[in-house]
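Hello,

Here is the structure I said I would hand over. My notes on it follow below.

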Amino acid sequence: MNHPRNDPTLAAMAPTMGNSRWSYQLLLAAFIAAAPATLVGLRANPMLMQGALINPDSAMRLVRLNDIVTAGAPLHAVMRDGSGGGTVLHWSHLLDSLLILLAAPLAPALGWPAALHGAGLASGPLAMAGLGAALAWAAAPAAERGWLWTAGLAAAAAPVLLGYGALGVVHHHILLVVAVAMAAGWAHRIVRGACSPTTGGLALGASLAAGLWLSPEALPFALAALGAVWAAWFASPTSRPMAQALVAASGVYTTLTLLMLLADPPMASLLATEPDRLSIAFVLLGAGAFATSLVALGTGSRLRALACGLAAAVSWLNLFPAVLEGTHGLMTPDQASAFFTGISEMLPVSSLRGAMEHLFGGMASVAFLLLLALRQRGAARAALALAALAVAAAVALTALHVRFAAYPVCAAAVLLPVLLTRLSRSSLSPSWQAAGRSSALTLGVCVPFLVGIATPSHAVAGPMAVCRVTDAAPLLAPYPGAIVLAHVNHSPDLLYATKVRTVGSLYHRNPEAYVRLHEALRGVPSETSPGPLVQATAATHVLACPGAGRTMLLHGLPRTTLLDRVNDDHPPSWLHRVGSGGGWVLYAVGDNS
């Protein structure tokens, strides 16, 4: 049995890198990915340098982060949301910690709010730079160094990535894909024998743990990288190096996840099971994988390893069935229906343009991976087949929820330099090679970019851009602590730019507050009194944006809702106009009954 390092089939997959340095290619890929993200952010909101941000999630993260700095301790909730009752955010605190480290040198001169804003602005392009380098690095063992930069180019041309990594977007979405790309790169090297089993396994496990700490969303995609190593081991179960890598990966993942849990436990308790953040369930998942890996290393038996793995999986599912329900399990069906229909990134792909932007690259990647698998044998074939299956699953998930598009898009970016290398080393004539490379670059870079221009990413476009929340700050300044009823997309920005409280927001740990806001704005108001729907929000003021137009919140309703009435400047008599400016109108809630 050949070790993968000496397998002639695998050796044929790898172009000779020589001894020349190629790290500058990673830097080039990083720069190419980061530069457009900066320009996109500035174009989306020219007010970024004056304290603005791009989207609601960015504002909400900085609201909580400013509260954390003020309190001097990690916090889970934003207390000014939920009509002053608070809303727990499911985000763990890894990105918060990184932003504080980035802001710390600036804080003595600028103060913490401005320093955190500056760190937040930089975080998107820095994440994109890391992504460009990670994608090129993941492709490096199977691609000529001269083509690695194209992975960064493909990332830079993908609107969905620019939307999540633009200047002014403060979120973990791009870092999640970086973690998955690093996991895939280490699995790639382990299967090829391009690194020592222990080194590769430790790094793979660390990548899994880092992705989990950012969000469990990354875990299924990152675990697919570990699954590729398992598939390679099943193809050659007597390969001790592969089993050693599995033990190292699952062992370090379990250890790091336990340490991370101790440092950043859920709000409820250390042992609380929470499907949407780091919790004990994911530590025990690693423990089961570690036990199975030990069986594989100790026995070399497929049957025993499979039996152990199945026993661990069944036990884990019996212990933590709620994890499979995800965020839907944290709310009632009616709440979930009202909640998720208001989030555009959770909607399915519903147009040809959307399919070209979000699905085409992933589907092409599946075809290419299957073609590579058919040309290989043994461990390489098994790993490539598993990779194709994982990308196909990501494509299917993206078709249901657009927010997952980053994963198949990045799979295509990793494989672009591999495809270009294959074409350059093919037996085709030079002219046909050039035509093939041009076609690959066109389909991998130009088409997604042009489609993205035609359909701007929802993650970049501001919600209801007619009115800017920064312009509402002077209007609301005389009312600190007021409970303001406004469109849900404005809640985080209001919390960030003012001292008011908001009725609710689109965060699933407080669906009751969102439903109260949802029903109050969609309800047909009484002419003489606020009525039970508005009274349930405890709102003291209503903020309107005349001329903003209707949004998904009002889909299918006649133009008689409270939000329509105030946006049409035709409020009921119990709303008293107390000010206007910057396109906004502010009403105080009274009672004329």
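A contact here means heavy atoms within 4.5 Å. Of the contacts in the chain with a separation of 6 or more, 72% are between residues 24 or more positions apart.

The model is predicted, with local features needing pLDDT of at least 70 and side-chain atom pairs counting only at pLDDT 80 or more, while totals for chains, interfaces and linings use all residues. Residues are numbered from 1 along each chain as its sequence is written, and side-chain values use heavy atoms, leaving out hydrogens and water.

Overall form: the radius of gyration, taken over C-alpha atoms, is 26 Å. A compact globule of 593 residues would have one near 25 Å, so the chain agrees with that rule (2.2 Å times the number of residues to the power 0.38). The C-alpha trace spans about 85 × 55 × 50 Å along its principal axes.

The chain has 26 helices and seven strands, taken as DSSP runs (H or I, at least four residues; E, at least two) and numbered from the N terminus.

Strand E7 (residues 584-589) has five of its six residues buried. Strands pair if DSSP finds at least two bridges between them. E7 runs antiparallel to E5 (residues 541-544), with four bridges, and Val542 stands opposite Tyr587. Six bridges join E7 to E6 (residues 575-581), also antiparallel; there Gly579 faces Leu586. E6 and E7 form a hairpin with two residues between them, and Gly582 in the turn has a positive phi of about 65°.

Regards

How values were computed
Buried < 20%, exposed > 50% of the residue type's maximum accessible area, 1.4 Å probe, protein only.
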